[in-house]
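Dear colleague,

Please find below the sequence and structure for your review. I would be grateful if you could read the notes that follow alongside them.

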Amino acid sequence: MDNLLPIQNGQAVSRADIPDLDFTVFQESVLDATRHSGFVVQFFAYEDEQSTLKLIAVIRSGLKIYVAGCSLADEYPSFTPECEKFHMFEREIAEQFGVRPKRHPWLKMVRYHANYRGKEDVFGNDYSQDIPGNYPYFIVEGDAIHEVAVGPVHAGIIEPGHFRFQCAGEKVFSLEIQLGYQHRGAEKLLEQAGQSLHRLPVIAESIAGDTAIGHSLCHSQAIEALAGLEVNEGAKIVRTNALELERIANHIGDLGALSGDVAFNPPFNYFGRIRGEFLNLMLTMAGNRFGKGLVRPGGIAFPVLEEQRKIISDKIADETPGIVNVCDLLFSAHTVLSRFEHTGTVSRANAEKLGLVGYAGRASGLPYDARITYPTEAYDLVEANKNERTVGDVHSRATVRREEITHSLSSISELLAKEIDAESIPVPAVYALAPDSFVVTINEAWRGEVSHCLLTDKDGSILRYKVKDPSFHNWIGLAMSLRNQGISDFPLCNKSFNLSYCGFDL
Amino acid sequence: MLKVIQNRLEQGYRTTKYPKESISLYSRYRGLPIVHQDCDKELARQCAEACPQQAIDAEKMVIDLGRCTFCGQCEIQSQGKFVTFTNNFELGTADREALLTSGSLPDLAEHSKQHFKSLFGRSLQLRQISAGGCNSCEADTNVLGTPFFDLQRFGIDFVASPRHADGIHVTGPISNNMKAAVLSTYEAVPAPKVVIASGCCPISGGPFWGSKDIVGDLNSLIPVDLYIPGCPPHPMTTLHALLKFFK
Ligand code: SF4
Ligand code: SF4
């Protein structure tokens, strides 16, 4: 780690302090840090003021976070053959900047758009064709093999994506997931709109609407670090509670959906309704069921006072027994367990190799939880959660969610008991970003590690805005979970991960 | 089995009586804005300046609900002097222009095309297309199927195949990568068909306005019959719009 600079979550550093290494040294150091115990938080390219292409790596290892950088040529030896954790990051860089990672084992486009530098396309596309352009899907050959193609438009009310299964009878050998349909240029927009900073929170909370709080927290903390804004204790508690409410709403919704997928209808309906109650609690604070509008750089946009706190604590007291009972109903039904157990297993070894995060990682035995490892907001007041079943199957992912619901309910109640009225920030907020600076923020949103990374130029304008949703790590986990699985278990496996298309596509 | 019965009793009957009985949302919910026409022009201009969505026309004193994300900043900034957001969730309109409002919207029932009512009044099947948004619109459309709203009791449902549908319900700013899918889904729906734009995204690009990776305005691709503003629209906004427009 000697060549890497240790940094803190959400604390700005001068860009000049980031080690600018020789590429070979950079590669060796970063691979050393990630091959075994370390994980990739961010790995991205940007053009500096002189239009030199630069590479930045943010690595987490144990309780530490490190950063380093180097210059990047139009080709470089891929990191992925040495360490799989880089596979998607390298594809993203190739797509965004027209840089070829040589000997990348599976170099295909990520979101299907022309690169930012007008360089020759690494994938040979001219973007006159529709997605996926000239990409031939991965094919398993053989007399007994058949292919199933699903999407982009799916049967329900869900986001678009394409799934290509290679099967023998019912059994899936390989699943390839092609996303990009939701790509709306969020990162570029965050950079352009950076001239009018007040647009940024609105874009940030629409990166993934079910993670509006997670992404707007990462955004706000980054701006707070760069602009030197202080957030008061009350607002921190509100923001923590908002993130936990978001977690509860999503987990409850997913447990219901999992129940629906195994045709056990009572919990499906009850959890569907109960999820709504938690969205309504979000509305109680934010005026919006997804919490949009609440978190803003400097604090919160709406005060959360005794009245709102009481509505929330009463509702939680009201709903908790029902949640416990419906969970018990779901997790004790043997018809449910026989579908959940040993389905869609991702081993700990694979989860670690691929760098899975969030409940998907925890269900496979990787305990990482950013709330504990790199606490932000009021998380130093919250006790760690423990997970009992961690064998990597659907049942583990469901159980982790159940445990997290219980944990979040009690964390919110504890925090609500602290009698702090949380005042809102003055509007319009006026601030400027520190020049030539770098900041990375990490939060454990409901799906896992969300991270935003900002670099400013000498005028304090945003030079690069990098967003990472946990889905960026985890989609490959879903593909792995389907190997040698019955194709009819796809909906169940999919729901147990419930990954974000828009958060991935940006 | 006992647990099933016990939970059933505990959970009880939860479906709303709306529209027979009115429903009121918590005061903090931001629905139809009322623009105060007597407001100082300078203050209105400041609000327009600060609006992240460029949704405010300070000269005409209107807010474009097709652009507004209902973030509430203008209300806070003007301390309610320029605009106050009421908790009236009835926001759907049949034409784009009507969304530029100072606080009163045309009665949707009167403006809907009458043949839609006779064709789809008793049964309306929609194909939802998610096209580049943030997935909140989809999520809050999905909840219409939960016991509280129970959309199916009105003969309205979301179906899997466009061939079985009477129309499409589009969310998201129509990313370039979804344009072809939107058009082919639209084509696959048998005519006569309805097109619903839900959320500010397919009306104006929503939070993503100005991105070169989106289409933004659905109406520039196919004719839109019903606009449902919001970011996302509250499920009650969607429910109200569907009932008024088709029933
Ligand atoms: S509520 Fe609407 S009009 Fe007001 S600032 Fe927000 S987006 Fe603009
Ligand atoms: S309108 Fe708002 S809530 Fe709906 S998809 Fe667009 S950004 Fe998301």
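The notes below concern a ligand site and the salt bridges.

This is a predicted model, in which local features need pLDDT of at least 70 and side-chain atom pairs count only at pLDDT 80 or more, while totals for chains, interfaces and linings use all residues. Residues are numbered from 1 along each chain as its sequence is written, chains are lettered from A and ligands numbered from 1 in the order in which they are written, and side-chain values use heavy atoms, with hydrogens and water left out.

Ligand 2 is surrounded by 13 residues (a heavy atom within 4 Å of the ligand). The closest are B:C134, B:C137, B:C201, B:C231 and B:P232. Because the surrounding residues come from chains A and B, the site is shared between chains.

Over all chains, 45 salt bridges were found (a side-chain nitrogen of Lys or Arg within 4 Å of a carboxyl oxygen of Asp or Glu). In one of them, A:R371 pairs with A:E244, with the closest N and O atoms 3.1 Å apart. A:R371 lies in helix α12 and A:E244 in helix α6 of chain A, so the pair ties together parts 127 residues apart in sequence (helices are DSSP runs of H or I, at least four residues, numbered from the N terminus). A:R371 is buried at 3% relative accessible area, and A:E244 is buried at 1% (buried means under 20%, with a 1.4 Å probe and protein chains only).

A further salt bridge joins A:R389 to A:D393, at 2.6 Å between the closest N and O atoms. A:D393 is buried, with a relative accessible area of 1%.

With kind regards

Terms used
Helix = DSSP H or I, 4+ residues; strand = E, 2+ residues; numbered from the N terminus. Buried < 20%, exposed > 50% of the residue type's maximum accessible area, 1.4 Å probe, protein only.
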